[in-house]
Each structure stands twice: as structure tokens, then as C-alpha cells.
Amino acid sequence: MTKIDKDTIKEMAFWVRVRIPDDEAAKMAEEFTETLSWIGERLKNPEIQTVPPMVTPFDEQIPLRQDIVTDGHQVQAVLSNAPDATPEFFCVPKMVE
Amino acid sequence: MTDLTDLTLSETLKGLAEKAFSSVEVTTAYLKKMEEKRHLNAYITETPEVALKMAEESDNRRANGQAGKLEGIPMAIKDMFCTKGIRTTAASRILSNFIPPFESTTTQKLWDAGAVCLGKTNTDEFAMGSSTITSYFGVTKNPHDETRVPGGSSGGSAAAVAAHMCAGATGTETGGSIRHPASFCQVSGFKPTYGRCSRYGVIAYASSLDEPGVLGRSIEDCARMIEVMMGHDPKDSTSSHRDVPAFHTMLDKTIKGMKIGIPKEYTELVPDNWEKAIQFLKDEGAQLVDIDMPHTEEAGMVYYVVSQGEATTNLARYDGVRYGVREEGKTLDEMYMNTRMAGFGQEVRNRMILGTFFTSAKGYNDYFVPAQKMRSLIKQDFDRAFEKVDVLFSPAVPIKPFTIEEAKHGAAKGRFNDNYLMPSCLTGVPAGCANNGLQVIGRMWDDATVLKVLDVVEMMK
Amino acid sequence: MSYIVKGKTADWELVCGLEVHCQIISNSKVFSGASAEFGGEPNDHVAFLDAGFPGQLPVLNSTCVEQCIKTGMGLNAKINKHSVFDRKNYFYGDLPTGYQITQLFHPIVGEGYVEVETEDGKRKIGVERLHLEQDAGKSIHDMHPNKSMLDFNRAGVGLMEIVSKPDIRSPEEAGDYLRKLRSIVRYLGTCDGNMDEGSMRCDINVSVRPVGEEGYRHRVEIKNVNSVKFVMQAIDLEVHRQIEHYESGRDFPQETRLFDPVNMETRSMRSKENALDYRYFPDPDLPPLDLTDEYIDTIRKNLPELPEKKKERFMNELGLSEYDAGILVADRETAAYFEEAIQGQDAKKVANWVMGDLFAALNKECLSIHESPIKAKDLGALVGLITDGTISGKIAKDVFEIMLETGKEPAVIVEEKGLKQVTDTGAIEAMIDEIVKANMDKVAEIKAGKDKLKGWFVGQIMKASQGKVNPALANELLEKKLAEV
């Protein structure tokens, strides 16, 4: 059985760059552990070993695009919604190595 | 003169063709109705100027004999479709100032066919929900009872259709988000086969489930809109090359001799009109067949795992860098955190957090892949059913709309809320809800038969 | 010569594998129609997809697929008919969607090998896989005191990641492997291999173990090392650092490090980087890539000749030595130059000119062969002029110098400067007559048996003709004259 604790929830929150207060994380951990146990029970169904995973309902071949330049050259449009930008670049807080 | 907004889309087209009125007149009537009913909060963004300009252009085209299939029809667009130059928010604060520099393929097809844009309708934030209560722009009210929710996530579109604030509307489905509000607002809704409508320019929730569709006052209205929106799009690698028939010409009002399956798992709870509907289908000459869909019960679980897993990564791009609202921070990570905390509502944040688990190394092997296998079993249920019958028939949502208060306390988590809707989203089959709350599900790519049967279902008095 | 590091407690050997990212040569990006060209105005080669806009969807570039298959064939590798695109999830400024599209579970190319020539002879370095993925954007940190600037021109350019097996046993071997890999992709035209422009980048996995120990100890990854020399240096540094740790009983973490060529050290990256779970899963926006046998066969049929094959052919068909053939095939441009130059000419003679005078001249001017002022066909023509007796080998050296300076064709130079060998025997006989008449004393000495003096006469003839007389012909006519006198 998978047990999710508060710290795991907080780590998962960091993966998607959101914060979660300790008490909420603890509550979520408890509920999620319960949910996982319910899901785990349902997934014990031996039938699932007889079929491949279904990733998508789509059944056609992947389309291949011709290698020609059809896009770009639209700096203004690309930057038009940016919260912080120069006429050429998007700006973010200094990224440190 | 009658109120032009009382005409169905099909009737409006007829009136426009006969020059009984102009698109500008119809559009003006709808804009007036939108103003009157603004308190329903069906629209996030109204675009009266764009609408009147488009209506004028439409009238000119019609005068020049260049009328398209939806020439002059005023439509509402769910705020999940990117519209060039018109704010598109996904009902989220994080996109509350986003003006797309491009147009979604499906809305472009509508405009190319002559439709007129009235505005962008409300939805649950990023389409995650079935009450339209998680929107950053407030709750949408059910036009039939304003203390109740319109359903969701395409609740704004459903309410707008029901309140005659548009002639028809687009919606999107991931787990039932068209049929659910259609049922709650007593309008018609149709979700085509996955791959029929391009997803290009539609804000993604869960990519393997998302499918654009339509809501209208009748199935005929839906058929007219959807046949315009469908078709191959080279910008979407999961867009089908299959031909699109002219659905509205195929509604021949007969189901005589058709085999219609009634899945017993879909009749555990039924609405008041159910027995009458069964009798009606028999009277119309259909042959009813009892069907087993043994994995129906698992759909909710599979949906939970798959949709959250996919949503988590689809929503990673909203980081305050290239568009949308930013909350500053000293470091890049701090800026990301501040932006995403302030930008997303709690429901969306929670789904993202839990979604990470299902794609983590452990969650992927132990839950995500097994859930995808269960998805295959659900598909097998459909494959086997369609060996025996032409379509499946059931209630869409067997419960009545809950109140806004009930919704805020988790009423939408009830098991009869969407368990008749989810299996068809997971498997990609076409499905629709008639304006009397009854559902028809068809074979992959056989959208035509679903529409045809739904059209007959709507004849029931 | 094997690379064994003698420590205090044991003799240690290196266990090393390389992950090489090669930017694919294509017109447009792997999933968008924006230009894949290097450079450009910032954010000009950007489609909305490349900037991660909502609702944007990827569509696969056919050329990128072909380039991967070609490269896979160059690596003697299995081409997988079924491959799948996955999302690799992490947040970073240069990654506009929050995930990179790559291939984890089912790569387009499977196992293969690269043959390298080491001092100990030929060795095969195993290739684990090659997969197709997107490049990230670029961040610029020196334009503003507290902001970084983002440019997404590079974001979405196709990359081939080539992962070797842990078969590398010395820094030199790593260098040989990298150079060979670069030569292969350049031959195939799938990547330009310029490490200084970043179109070929290398991550190194290093671990050590006592000689004779089986299995692998834990490894350290050194990220983004951008020259062959640095790769070799970084490996050597890391080997000694690890041995020192083991021998002093200190543990060290399995981690990612950076190579600092200025201070000549590797140092740890932030630990956050190390704890990442990339949460890979199949991208639902892209159906699997299924290839037909016909498609793969067509690519195989049109595959350019690879260095190994070419070398063999140079030896067997042109009669070059293994050494010469090896030098001429080492890079694609040289081989192409040589092959153009030998059209209709004596290949061995051309080879001597290319590896001798031409290489020396280019070296002196610091030019690469495609910048050579002498075109391949002109060098061939020069050899032709010697072979057909139009000019002497000595004159040819002068003509070569003029070609280098002016870029003119050799025949034009010979014509303009009047450097043609004199073949009119009457004129030569007249010249000989004169010289003989003026030096009857020396003729007498020859008659008396001093044969060596014949050479002096030939020299006089060459001098009088400014080198334009064929020495053999001069000799022949001289003998005739002397017999008459």
C-alpha cells in the first residue's frame, strides 16, 4: 500500500511550483493515501494484465511535416503578452548557476 | 415583431436566407438579451463591437451571394478556445489578461462559415469541474433556477444557450463537460469522436481526453455547428483525416429497425422521463437490447488518474514568463511559486499536486499504466457492445442540478454526477445529450448515427 | 597503452560513458515550422509553440526523423520501427512548456557501436541508444544586473542524444570516440559537429574501480562539456578526485557536476538538480512513430559512404597506403576535396600533393580545406599537367604557389607565364649545339670517360631554357649530339 505523507505532498507541490501550508498538506496526504488505497484495490483486477495500456483513443498514423520554414518572424506577437520584456527578450529574475 | 432570440439556429438561418431580417438585427437582439441576462454571469468577456462588425460583414457577404453554412449566426465561445485579439482566460486569474495572437482552428472554421462572435463564456477554471463555480470570474447561474448551478465545465455556454443569449455555443469535453451542463440547463450538447475536431488553439486540460464540441437548442442546431468545426487540421497530430459528412442533412427522423443498447450499468439511477423514453423508442420501431458494460464503474477512477496526470504537465507552462499574470519574486523559482499561487485557484492547484504523483517514477508504474490498462478494458466494453447494437442509450446525468451552495460543499463529487459520461470520454466515442437530458453514445467515427438518434429522441413530447 | 591510475591502495581503472547531444541539421524545428538556423535576431525564429503558448500542438518534422535514422545507420545501430515521444517534466527558464518532448521508453534508434582506433588498435565502443528530442532556449545573464534575458530561437530545434555504453576506459578513448562520432555525423550531414557553437554538446558519466573488480561503482555526471580537449581533461580530473575520495575513506554522492576549465576542477551543481524526478510519460499530443521497412530501406540506399568504407575503397581501388587513406577520410571535406581532385588523375600523385603541399599551405594560413584558395579540380589539373609532360615537377611547385596566391587555374598560369616545357626538338638541339660548341674541352673530358660531366651539360640546358625542357628529353638529345661530335 502506498502511504503518502505530508512531506511527500510538499515535495509534489514543489514539483509544480505551488506552496501548500503544513496543515493542508497533512490533510491532503491523509485523503490521498485513502484514495490511493481505493484505486489500488480497483487496480488489483487481474483482467488488466490481459490488455495493453491505452494512451489515447486516436488510431491514425503520426503525420510527418515537410521540412520547410513556415513560421516565426513575429517577435512582436511572441512578446506581446509578456509581463516583463525588452523589445527582443523575455525577462525573468536572474537565473543563477 | 417576435424576439429574434427565440428562434433556433436553424430557424435563424432560414430567416436570414429569406431576408426576413439581417445578421445585424439578430446580433443586436442577442446583444440586448446578453445585457438583460448579464446577472447570470454566462459570459466572461462580451464582444459587442466585434459581433456587430462581423454581422455587418456577414450581411455584405450574403448580399453578394457568398453565404457560408452558418452565415450571420451569433455564437458564444467557451473561454477555452483561443480567439485572436480577444481575451482568452480559461476562467483563470493566471490568464486573466491573455490576448491570444492566434485563432483556434475550430473557431476559425466557424468564422469562415459566417458565424458571428458574441463573446467568451464562463467555465470552471481550466475546465476542471462540473458546476462552473471555480471560475476566477464568478459563478454562472442556471437560467431555469438561479439558485442552482448550470453544470459544467461548459456551464457558461449551456446557460447562454438556455437563456437565449446566443444561437449556439462551443464547449469542450474532458470528462463530460458538454453533456453535463447541457443536461442541467435542458439544452442539446454533442461531443464528437476524439480526433474529429482539431484541438489546435484549445487550452489543454487532459490532452488524450479533450475534445471540442457544441451546445445548442436542438440537435439539428448542434449538427449544423459541429459539421463546420470538424475536419482534418495539419496543426494537430491527433486530428483525423476521415471525411466529414453533412450531418444536418442526415437527420431523417427515423430509427425504425435500429438496434439500441441499454447498458444496465447506466440505469442504476434514472430520471423521471426514463420509462417514457424507453416506450418512445419502441414506438418508433427501434429494437432495444440489454447490454453489459462491466467496467463502467472504473471510469471515475481511471479518469481521476489520467486527467490529473496529464493536466499537471499541461499546466506547467503557466509560469508568468511569456504571457499571463506574474507575481514577482527574487529568484526564478520564487517568481514561479508566487505567480502560480496567486494565478491558480485551489481546485486547480490540488489537481496539479496530486497529478505529479501519477507521473512520478513510482506513481507511473503502480497507478498510471495500470489505469491506462483499465482504460483499455473500458474500451473493450464499448467494442463488444457495438458488435451487438448501433448505439447506446441512457440518461446523461440522472440527478437534478444542485444548488450553488451544495456545489461549494462538494455535491459534484457524487457518483451519479458524471459516471454515465466519463466512459465515453476515456474511449473517445461520440456522444451527445438531447435537450431532454437523454444520452446517445455511438461507435468511433459514427457521429452521424448518434446525431440522428438524438434528433429522434428530441421528438419525444 | 591502457590508462591505469596507480593509487595508494590499488590500481584504478576508468569506467566512462558519454551522452552526446547533436543538433540536427534541418530547415525547421522538430515540432514547429520556425527556422532551425543558428543565430538570428533574438526570438525571431520562434513559433507560438516554441514559446509554449496555450493550445499550441507539436507536429513532427520528417527531416528530423530521417536524420536520426541515418545517424543510427552510421552507428551500426538497430533502427526501431516503433518509437514513442515522452514528456520530461521540469521547470526552468529556458524550457517554455515546463516539459521537454523526448523519447525515454522507446527511442528511435537502439544498440550499435562506434569503432575507434586507439594506440592499442581498433576498439568498439558500444552505443546504447539514440533518441530524438527538443533543444531548450537560451538564457543570457550579463545584460542586466538582476534579470536574465530569454531567447527561444534555439528552443525546439531537433536534437539527437547519442548515449554510449560505459565502455570507455581512458580519456584518450573518450576523445577518439567523440572525434569519430563527429566525423560520422558530418559525413552523414546530420549535424555540423561544431562543439564551440554548441551544436554538439557532451555530458560525461565517470566512475572508477580497482582493476579486476567486476560491476560498477556509483557514477558522477559532468554536464555540458564543450570541447574534445575539455572532455579529456574533465575525465582525468574526476578520476583523480574519485580515487582520492575512495582512498581516504570519504564517501561522495552520486551527483551532477560542472567542469570549470579555468580553475581546472569539477564542482557540484545544486543538490536540487540531483533529486529530480522527471516524471516521464508518453506525450498524448503525438501518436507513436511507426516506420515501414520500405521507408527505412530507402534511407539506407541513399546513405552517403561512411569513413570506414571510404578508407577501404581508397586502399583497395586507388592503391593508397592505410596511413594515407586514414588521413584523407578523417573528415568529410578533405575526402570530398580529394575525390574531386582525382577525377581523371593519378590518385597517388594527387594524394601526395594534398597531404604535402596543400596541407602545409593551409596550415600556414590557418585555413580549413573548404576555404582553400586552390579548388580541388585545379589541384587535379596541376597533377595532370605534370603527368602529360606539359610542365616539370619543379615548375609545378612554382605554379602551385601562384595558384595559392591568385586562385587561377594552372593551365592559365602556365600559359601566361610561358612555363610550358619546350618540346620542339629543333629548338633544343640548337640550344645544345651552342652549349657544346662553347665547351668543347668538357666534351673531350667526357669522351675520355668522365661521364659525370653529362649532368653538368643537362644543368646548362635547363638553365638556358629556364627549366622548360623536359630533363629526359634533354638527356636523350645530348647523348645524340655527343655521339656526333
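Reply: Let us begin with a term: a residue is called buried when its relative accessible area is under 20%, exposed when it is over 50%, and partly exposed in between. Please keep in mind that this is a predicted model.

Me: Is B:Ala90 buried or exposed?

Reply: B:Ala90 has 0% relative accessibility and therefore counts as buried. Its place is the loop between strand 2 (74-78) and helix 4 (105-112) of chain B. The backbone also deserves attention there, for B:Ala90 has a positive phi of about 55° although it is not a glycine.

Me: What is the phi of B:Ala127, and where does this residue lie?

Reply: B:Ala127, not a glycine either, has a positive phi of about 65°. It is located in the loop between strand 3 and helix 5 of chain B. With a relative accessible area of 3%, B:Ala127 is buried. B:Ser153 lies in the loop between strand 3 (116-121) and helix 5 (155-162) of chain B. A cis peptide bond, with omega about 10°, joins B:Gly152 to B:Ser153.

Me: How many disulfides are found over all chains?

Reply: A disulfide is a covalent bond between the sulfur atoms of two cysteines. Here, a search of the whole structure finds 0 of them. B:Cys222, for instance, has as its nearest cysteine sulfur that of B:Cys433, 9.4 Å away. B:Cys222 is buried, at 0% relative accessibility.

Me: Which residues touch the most other members of the largest nonpolar core?

Reply: In soluble globular proteins, nonpolar side chains tend to be buried together. In this model the largest nonpolar core has 104 residues, and those touching the most other members are C:Leu18, C:Tyr177, C:Ile204 and C:Phe338. Helix 9 (residues 347-365) of chain C gives the most to this core, namely 9 residues. Since domain 1 (4-295) and domain 2 (305-417) of chain C both give residues to it, the core lies between them.

Me: What does C:Ile204 touch?

Reply: Leaving aside residues up to four places away in sequence, the contacts of C:Ile204 include C:Cys16, C:Gly17, C:Leu18, C:Val220 and C:Ile235. Another core, of 95 residues, lies apart from the largest one; among its members are A:Ala82, B:Ala311, B:Leu315 and B:Met374.

Me: At what angle do helix 10 and helix 12 of chain C pack?

Reply: Two packed helices are described by the angle between their axes and the distance between the axes. For helix 10 (residues 376-387) and helix 12 (residues 410-417) of chain C, the angle is about 55° and the axes are 8 Å apart. These two helices of chain C are therefore oblique to each other. From helix 10 of chain C, C:Asp378, C:Ala381, C:Leu382 and C:Leu385 meet C:Pro410, C:Ala411 and C:Val414 of helix 12 of chain C.

Me: How is chain C divided into domains?

Reply: Chain C consists of domain 1 (4-295), domain 2 (305-417) and domain 3 (425-484). The centres of domain 2 and domain 3 of chain C, taken over C-alpha atoms, are separated by 35 Å.

Definitions and conventions
Residues are numbered from 1 along each chain as its sequence is written. Chains are lettered from A and ligands numbered from 1 in the order in which they are written. This is a predicted model: local features need pLDDT of at least 70, side-chain atom pairs count only at pLDDT 80 or more; totals for chains, interfaces and linings use all residues. Side-chain values use heavy atoms; hydrogens and water are left out. A disulfide is a pair of cysteine sulfur atoms within 2.5 Å. Buried means under 20% relative accessible area, exposed over 50%, partly exposed in between (1.4 Å probe, protein chains only). A nonpolar core is a set of buried Ala, Val, Leu, Ile, Met, Phe, Trp, Tyr and Cys residues joined through side-chain atoms within 4.5 Å. Helices (H or I, at least four residues) and strands (E, at least two) are DSSP runs, numbered from the N terminus. Domain bounds come from an automatic or database domain assignment. Contact means heavy atoms within 4.5 Å. Axes are lines fitted to C-alpha atoms, for helices over the stretch in contact, and angles run from 0 to 180 degrees between N-to-C directions. Angles under 35 degrees count as roughly parallel, over 145 as roughly antiparallel, 65 to 115 as roughly perpendicular and the rest as oblique.
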